[in-house]
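Please examine the sequence and the fold displayed below. The paragraphs that follow lead from the overall architecture to individual residues.

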Amino acid sequence: MKYLKRVTLGAFCTCLSCSFALSIVRAEENSSGDESQIEYVTDENGNKILDSIKDVREPEVISRDDPKYQYGLKLQEEQKKKSASPFVVYRTVTHQTQKNRFYCGPASASMILGYLGYNYSQDALAGRSDRPTMLETNFYEGTPAGQSVASALNSVLSGSRFKFYWVWHNYTDVSGFKNNAMTALGYGNPIMANTVESPGDVYLQGHNTGADLYHFGVVDGMNDVAGIVRYIDPAYGYFNGFVKSQTVSYDNMSKALGGRGYAW
């Protein structure tokens, strides 16, 4: 079984850098035996921007038989009624600070799983360094966005009523994000969000580094009356300037997620 050799970049990689070219590595087999197509952005020297890595396999689509899907249908119908109560839900995860510069993914996953009653450490979720397991973070020194995130969460949650699905997000699909967030949070699970934030575009509070920022965080609540979600940031306590939690408008959250995605 062959795996892609990791490339180590220097210093600060949340990831903060300038993006240049998009590169396809190749199909490679992960720990579950699936073939992952890995894609990443390179800098001006041809080095991989580690937190830009994607698993670009087609994500699994939620089944109509999934109780979460059925819940979402019912919820959307209820929200159309004039008598509907305002949708305000907060799942209040326990914050964790990421353990190192590239553990924003494992910290976010650990927060979510802890809220759901599964205590998995950041190290356990980051997987092995010699081959891609769990979130594959230690193998790549960055967590690939995509189906591999949902698969890692689901491997822990197997047999429970929760199942996560990955969505690649379109920059302007505000209603799509809102509906999925409403369904997930109403059903009971926080959302693992992967943003890319850039100069001249939207930065979440504390994220304005002056460079591209690829980052995982947690959406654990929303208020549909105010049109906001609550975002929990694992970088707080590790990097200066990041805040523990913040409220973000639907529009700005959609823009920050654009080109990346979320597990809901």
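Helices (H or I, at least four residues) and strands (E, at least two) are DSSP runs, numbered from the N terminus. The model is predicted, so local features need pLDDT of at least 70 and side-chain atom pairs count only at pLDDT 80 or more, whereas totals for chains, interfaces and linings use all residues. Residues are numbered from 1 along each chain as its sequence is written, and side-chain values use heavy atoms, with hydrogens and water left out.

The protein chain contains seven helices and 12 strands. Of its 264 residues, 55% count as buried; here buried means under 20% relative accessible area, exposed over 50%, and partly exposed in between (1.4 Å probe, protein chains only). A contact means heavy atoms within 4.5 Å. Among the contacts in the protein chain with a separation of 6 or more, 63% involve residues 24 or more positions apart.

Leucine 50 and tyrosine 214 are separated by 164 residues in sequence, yet their C-alpha atoms are 9.1 Å apart. Serine 108 belongs to helix α2 (residues 104–115) and is likewise buried, because its relative accessible area is 0%. When its neighbours within four places in sequence are left aside, serine 108 is in contact with Met192, Phe216, Gly217, Val218 and Pro234.

The discussion now turns to a pair of strands. Strand β10 (residues 228–232) and β11 pair in the antiparallel sense over five bridges; two strands are taken to pair if DSSP finds at least two bridges between them. In this pairing, isoleucine 228 stands opposite serine 249 in β11. The side chains of β11 (residues 245–249) alternate along the strand.

How do helices α6 and α7 pack, and at what angle? Helix α6 (residues 174–187) meets helix α7 (residues 250–257) at an angle of about 100°, with their axes 9 Å apart. Axes are lines fitted to C-alpha atoms, for helices over the stretch in contact, and angles run from 0 to 180 degrees between N-to-C directions. Helix α6 is therefore roughly perpendicular to α7, given that angles under 35 degrees count as roughly parallel, over 145 as roughly antiparallel, 65 to 115 as roughly perpendicular and the rest as oblique. From α6, the contact involves Val174, Phe177 and Lys178; from α7, it involves Tyr250, Asp251, Met253, Ser254 and Leu257. These residues divide into five nonpolar, one polar and two charged. In this grouping, Ala, Val, Leu, Ile, Met, Phe, Trp, Tyr, Cys and Pro count as nonpolar, Asp, Glu, Lys and Arg as charged, and the others, Gly among them, as polar.

Side chains of opposite charge can pair when their charged atoms come close. A salt bridge is defined as a side-chain nitrogen of Lys or Arg within 4 Å of a carboxyl oxygen of Asp or Glu, and by this rule the count comes to 10 salt bridges. One of them joins aspartate 224 and lysine 178, at 3.4 Å from N to O. Aspartate 224 lies in the loop between β9 (212–223) and β10 and lysine 178 in helix α6, so the pair ties together parts that are 46 residues apart in sequence. Aspartate 224 counts as partly exposed at 21% relative accessibility, and so does lysine 178 at 24%. Another salt bridge links aspartate 130 with arginine 128, the closest N and O atoms being 2.6 Å apart. Aspartate 130 is partly exposed at 45% relative accessibility, as is arginine 128 at 38%. Lysine 81 forms a salt bridge with glutamate 78, with the closest N and O atoms 3.2 Å apart.

Most residues other than glycine have a negative phi. Threonine 92, in the loop between β5 (88–90) and α2, has a positive phi of about 45° although it is not a glycine. Glutamate 136 has a positive phi of about 70° and is not a glycine either. Glutamate 136 is placed in the loop between α3 (122–126) and α4 (137–140), and its relative accessible area of 3% makes it buried.
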